[in-house]
Amino acid sequence: MAFIEYFIKNTRLNHVLLLFILVSGIIAYRDIPKELFPDVTLNMIDVSGGYAGSSAKILDKMAVRDIEESIEGISGIKTTETVIVPGRFDIILTLRDDADPIDVLSKVKDAIAANRQYLPPDMVEPTASILTRKHDLLSISLASKTLDRAGLIKKAQEIKRQIIHLPDIAEVKIYGDADEEVLVSIDPKAAEAYGVSTRSLLSAISDISYIYPVGNIEEPGNYLFLSTVHGPKGEAAWRNALLQVDGRMVRLGDVATVTRHLEKTSTLSSFDTLDNITLRVYKSAEGDAISLSKKLHTFVEKLKKRHPELETAIYHDSSVPIKKRLDVIISNIMFGLLLIFVTMSLLINLRIASIVTLGIPFSFAIGLIFIYYAGYTINIVSLLGALIVIGIVVDDAVVVAENIQRHIDEGMERHTAVLRGVKEMVLPVTLATLTTVVAFLPLFMLSGEISNFIVLIPIVVIAVLMGSLIESFLFLPLHAREVLRKGSAMVDWTPLQRRYERTLLFIVRYKKSFLLFFIL
């Protein structure tokens, strides 16, 4: 009680502390990352690597199989899933529920390092990391009526480099681009004239690459399609390449026609009837989807002015549903404040309604501060927790304020009424709040991937309830001393209260009969 009385007497300290918490809550709301779903660390490890220009089969033989064998004996791994595409592979390790992800990750990195000697010397060492859910931000469509596909791809790569340097942008992927291919059309007659076979010529072409492998080689008839990642970079270099075939030195341009073009993509995309290239933008865990979306919209508008030949558009913007959900929550809170104020004004009095309603933003401010410093985000799950607690958060303040008002109405001096009213409610209000908190504690015991989502609900509920408890015992008493006065409510409920009192006395008088009635 001495602590509560100290805050009541030191008026300036009380008001400054209250203002500080409210401003901190506003700043926390501004700076907390806002996204559609929470940042979830999955119980998985991703081992990724690549070797540009290699086919899926070659990559499997010279890298993936050795890595799989080196990590399959590590304890804590439940399943292994491998995906290989030309030039790149990903090995997804699903861990057991009782496994320590950090310990398993350390062992996987050690296994990869020990296996490094068996990989090609110029191949970048594969990396291992705990898998996290990507934060999808938006997509940017690039199309053009004047540029050819090669020019459009070049523009897309240039724009990608500009976007990736923006703060809180984690990754930008290009969909619809294509690598260059070299089309080698072998002339059987010319090969025969040089005295070499087409089979030997094909084998010699593979050796053109500076570093094996030359890439994926397709052979429909007398045509060869070669990746250009490690090989010569221009058509002239390919034509002038000297091949050692069947003991003879042959220039490739003398036995084949060499042309360079873009490979056919496996994915076709269009936007507003125009063939396009898509830039998929992902944000970091710390980034705010709404503010980043605004920056990228500004960036695209500037891009349209600098490059009028490009048709650019933004779609799949995840900040739009986030903003809509935030607007729904804020409107619900404001409407709830209005309903609480009107209801309490009618049932109790206008002064109590004022101090209780003003305490609700304070409770949410404490919750926002906790969420911010705990590293959580505002998302659909945390907003659900806010919706759940909005109807509970006023209970503490209503009980304390009404008890203070009762003592004032009985003629007690205001300062004494505040102290006695708060003292009488400390234990029951604290216990009532703790019982609500305990009801949400089992949610912390959930396991599996769903627990990473659900855990935000009890965190938000408990943080706001603790804020309500602090407001009821530290700040509300001062406001009650300054605002509350002896007086009647807007509506006189005395007749109803007397009728209820008579009913209650009648039930107590015949308690055995009523107890039997309720049991039946």
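Reply: One term to start with: a residue is partly exposed when its relative accessible area falls between buried, which is under 20%, and exposed, which is over 50%. D103 counts as partly exposed, at 37% relative accessibility. Keep in mind that this is a predicted model.

Me: OK, what does D103 form a salt bridge with?
Reply: With K107, and the closest N and O atoms are 3.4 Å apart.

Me: Is K107 buried or partly exposed?
Reply: Partly exposed, at 36%.

Me: Why would side chains pair like that?
Reply: Side chains of opposite charge can pair when their charged atoms come close.

Me: How many salt bridges are there in the whole structure?
Reply: A search finds 13. One of them joins D288 and K34, with the closest N and O atoms 3.2 Å apart. That pair links distant parts of the chain, 254 residues apart.

Me: And are those two buried or exposed?
Reply: D288 is buried, at 12% relative accessible area, and K34 is buried too, at 6%.

Me: Switching topic: where is S144?
Reply: S144 sits in strand β5, which covers residues 135-144. S144 is buried, at 14%.

Me: What does the side chain of S144 reach?
Reply: The backbone nitrogen of T146, at 3.2 Å. A polar atom of the S144 side chain also lies 2.9 Å from the backbone oxygen of E309.

Methods: Residues are numbered from 1 along each chain as its sequence is written. This is a predicted model: local features need pLDDT of at least 70, side-chain atom pairs count only at pLDDT 80 or more; totals for chains, interfaces and linings use all residues. Side-chain values use heavy atoms; hydrogens and water are left out. Helices (H or I, at least four residues) and strands (E, at least two) are DSSP runs, numbered from the N terminus. Buried means under 20% relative accessible area, exposed over 50%, partly exposed in between (1.4 Å probe, protein chains only). A polar contact is a pair of N or O atoms within 3.5 Å; within protein, one must be able to donate a hydrogen and the other to accept it, and residues adjacent in sequence count only if both atoms are side-chain atoms. A salt bridge is a side-chain nitrogen of Lys or Arg within 4 Å of a carboxyl oxygen of Asp or Glu.
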